[in-house]
Amino acid sequence: EVRIRNLCKCHYEQGRREAIKARLHGKPCAVPDCSANAVARGWCDPHYRRWKRTGSPVRATPEQRFWRNVQRGRADDCWPWLASGWPKGYGAFRINGQTVAAHRFSYELHHGPIPEGLTVDHLCRNPSCVNPAHLEAVTFRENVLRGTNMAARYARRDTCSRGHQFDYLRKDGAGPRPLQWP
């Protein structure tokens, strides 16, 4: 059994903790705008625990938390989102209790709010990319037309499956339809 100052290790640690508490007793937390009493290192218990968990007693800004999860490269490379995401490969990011798409957050961070009626399109076709140079606000139709899936291929067609030209709009104005013979 190891003895320090004539005490076993357990009682030595207990006395050390009590001495620290007595030294900090009644002192406020060193973090600005925190009114709790200091417990360790001059911080209250929540700030001390956050420091042990993250390395900083204060909460990181959303922007700092966002960039921690991005693998940045050259300006023309894709910057993949490394944290959690949705099933189709899009990154997910929590801010103020809400989950937002990581590429939308990146776009808003660099280009401002997304205009009404527009969506964010990946010019690189990589859903996990959050490089602002690869993101563009476009209409939903333009986003679909730029895609490579079945819906995009059908939306780009100008003839029906039998070769007839789509030469006028459907009655609801939604898009082209083949000429109907009486």
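This is a predicted model: local features need pLDDT of at least 70, side-chain atom pairs count only at pLDDT 80 or more; totals for chains, interfaces and linings use all residues.
1. You will find Asp-121 in strand 5, which covers residues 119-122.

2. What does the side chain of Asp-121 make a polar contact with? Its partner is the side chain of Arg-125, at 3.0 Å. Setting aside neighbours within four places in sequence, Asp-121 also touches His-134, Leu-135, Glu-136, Val-138, Asn-143 and Arg-146.

3. His-134 sits in the loop between strand 5 and strand 6. Is His-134 buried or exposed? With a relative accessible area of 11%, His-134 is buried. Beyond its neighbours within four places, His-134 is in contact with Ala-75, Asp-76, Asp-77 and Cys-78, with Asp-121, His-122, Leu-123 and Cys-124, and with Cys-129.

4. The cysteines deserve a careful look. How many disulfides are there? The count is zero. Cys-29 is in no disulfide, and the nearest cysteine sulfur, from Cys-44, lies 3.8 Å away. Cys-129 is likewise in no disulfide; for Cys-129 the nearest cysteine sulfur is that of Cys-124, also at 3.8 Å. The cut-off matters here, because two cysteine sulfurs must be within 2.5 Å to be counted as a disulfide. Cys-29 is buried at 7% relative accessibility, and Cys-129 is buried at 0%.

5. Now step back to the whole chain. Six helices and eight strands make up its list of elements, and along the sequence they come in the order β-β-α-α-α-β-β-α-β-β-α-α-β-β. Of the 182 residues, 27% are buried. The accessible surface is about 13,200 Å², and carbon and sulfur atoms account for 51% of that area. Among contacts with a separation of 6 or more, 25% link residues 24 or more positions apart.

6. Which residues make up the largest nonpolar core? There are 10: Phe-66, Trp-67, Val-70, Trp-79, Trp-81, Phe-93, Ile-95, Ala-102, Phe-105 and Val-130. As a general point, nonpolar side chains tend to be buried together in soluble globular proteins.

7. Apart from neighbours within four places, Trp-81 is in contact with Phe-66, Asn-69, Val-70, Gly-91, Ala-92, Phe-93, Ala-102, Ser-128 and Val-130.

8. Strand 3 also has a pairing partner. Strand 3 and strand 4 (residues 98-101) run antiparallel and are joined by four bridges. Ile-95 stands opposite Gln-98 of strand 4. The two strands form a hairpin with two residues between them, and Asn-96 in the turn has a positive phi of about 55 degrees.

9. Which residues of helix 4 are buried? They are Ala-102, His-103, Phe-105, Ser-106 and Tyr-107. What do these buried residues of helix 4 pack against? The answer is helix 3 and strands 3, 4, 5 and 6, with strand 6 covering residues 135-138. Just after helix 4 comes Gly-112, with a positive phi of about 90 degrees.

Key
Residues are numbered from 1 along each chain as its sequence is written. Side-chain values use heavy atoms; hydrogens and water are left out. A nonpolar core is a set of buried Ala, Val, Leu, Ile, Met, Phe, Trp, Tyr and Cys residues joined through side-chain atoms within 4.5 Å. Buried means under 20% relative accessible area, exposed over 50%, partly exposed in between (1.4 Å probe, protein chains only). Contact means heavy atoms within 4.5 Å. Accessible areas come from the Shrake-Rupley method with a 1.4 Å probe; for residues, only the protein chains shown count as cover. Two strands pair if DSSP finds at least two bridges between them. A polar contact is a pair of N or O atoms within 3.5 Å; within protein, one must be able to donate a hydrogen and the other to accept it, and residues adjacent in sequence count only if both atoms are side-chain atoms.
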